[in-house]
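Visitor: I'd like to learn how to read a structure like this one. Could you walk me through it, feature by feature?

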Amino acid sequence: MENKIKVAIFFLVILLLSFIGLAGYILYGKEDLPNPNENNTTTTTISSLKLDIAKDWVYKAEYTYEVEEESYNDIYDTTFSVKNIKAPYININSSDAQRINKQIKEVFDKLIDEYKEALVNKEATSTLKYESYLNENILSVVIEHLNSWNESEYYTYNLNIKTGKLLTFEEIYQIVGLTEVDIEPKLEQAITDYINNFLEETNQDLPAEKFINESMEMFYNSLEGNQFGYFFDKNNNLNITTVLSLPVGHGTYYKILTLK
């Protein structure tokens, strides 16, 4: 009888220990197992320099202004609208981006004042439009200021969206594997092609070399003063905005050239 009691106690202890182990597994061990109903893919939070995460890297700036009329016709019956003065806002939280936005706002305000004056005198006025391109981490913004004489001037900006830093021309051409010595022949070829095509399209039997040499000289002058523009287009091609010598009008015009 005594032996039966000992055996019963023994099995009772084993049962109790098993119960305690099972409870511990349920309460603690289960937390370490994957839940088949959960997505166990590791997600990494990517930090963004966007000022407004809900908006694109570049969007139309909504600056306030007051004009008597939003559109008018000049003496030649050409319609001008204040809505054609469109300024971009660069949605990056960096000192470079905010400095650029301030510069763009100054251009916008200047053209609004020009519009007000042109409205009174029923004269032609300027327009402003922009394009932006994102190639990997490089954001390029190209702004075209078309003046009342229908001549274009360009403002270009290139920023790294990871650092918010404004990129120099050297940094830009190195991204596509070019060196300083590569730039001159590529630019000269682009200028040569443009001027030859221009002379052919306008049926002008003039020596292209004169205009090519003058255009190259103006580029080097602008290079010294950093007064030219550059950007990547939607196909990641490097483009340069520079002044060309052309046999028409006052002789010099800003153009966009693609380096190939």
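Predicted model: local features only at pLDDT ≥ 70, side-chain atom pairs only at ≥ 80, totals over all residues.

Visitor: How many bridges join β8 to β9?
Guide: Two strands pair if DSSP finds at least two bridges between them. Here four bridges join β8 to β9, and the two run antiparallel. Residues are numbered from 1 along each chain as its sequence is written, and side-chain values use heavy atoms, with hydrogens and water left out.

Visitor: Which residue in β9 is the bridge partner of Gly229?
Guide: Look for Thr241 in β9, the bridge partner of Gly229. The strand names come from DSSP runs: strands (E, at least two residues) and helices (H or I, at least four) are numbered from the N terminus. In the β8 and β9 hairpin, five residues sit between the strands, and Asn236 takes a positive phi near 65 degrees.

Visitor: What is the order of the strands in the open sheet?
Guide: Three strands make up this open sheet, in the order β8-β9-β10, with antiparallel pairing. β8 (229–232) and β10 (252–258) are the edge strands, each pairing on one side only. From one strand to the next, the twist averages 30 degrees; axes are lines fitted to C-alpha atoms, for helices over the stretch in contact (heavy atoms within 4.5 Å), and angles run from 0 to 180 degrees between N-to-C directions. Seven bridges pair β9 (residues 238–245) with β10, and Val243 has Tyr254 as its bridge partner in β10.

Visitor: Which helices lie across β9 and β10?
Guide: Helix α4 (residues 180–201) does, running at about 120 degrees to β10. So does α5, at about 120 degrees to β9.

Visitor: And β8, which of its residues are buried on each side?
Guide: Buried means under 20% relative accessible area, exposed means over 50%, and partly exposed is in between (1.4 Å probe, protein chains only). Gly229 and Phe231 are buried on one side of β8, Tyr230 and Phe232 on the other.

Visitor: How do I read a pair of aromatic rings?
Guide: A ring pair is described by the distance of the centres and the angle of the planes. Rings of Phe, Tyr and Trp (its six-membered ring) pair if their centres lie within 6.5 Å; planes under 30 degrees apart count as stacked, over 60 as edge-to-face and the rest as tilted. A search of the whole structure turns up 12 aromatic pairs. One of them is Phe169 with Tyr230, which is tilted: 5.1 Å centre to centre, 45 degrees between the planes. That pair links distant parts of the chain, with Phe169 in helix α3 (residues 169–175) and Tyr230 in strand β8, 61 residues apart. Phe169 counts as buried because its relative accessibility is 10%, and Tyr230 is also buried at 10%. Ring pairs join Phe169, Tyr173, Phe219, Tyr220, Phe228 and Tyr230 into a cluster.

Visitor: How many salt bridges are there?
Guide: A salt bridge is a side-chain nitrogen of Lys or Arg within 4 Å of a carboxyl oxygen of Asp or Glu. By that rule there are seven. One of them joins Glu214 to Lys210, with the closest N and O atoms 3.1 Å apart. Both residues lie in helix α5 (residues 208–224), four residues apart, about one turn of the helix. Glu214 is partly exposed at 29% relative accessibility, and Lys210 is partly exposed at 44%.
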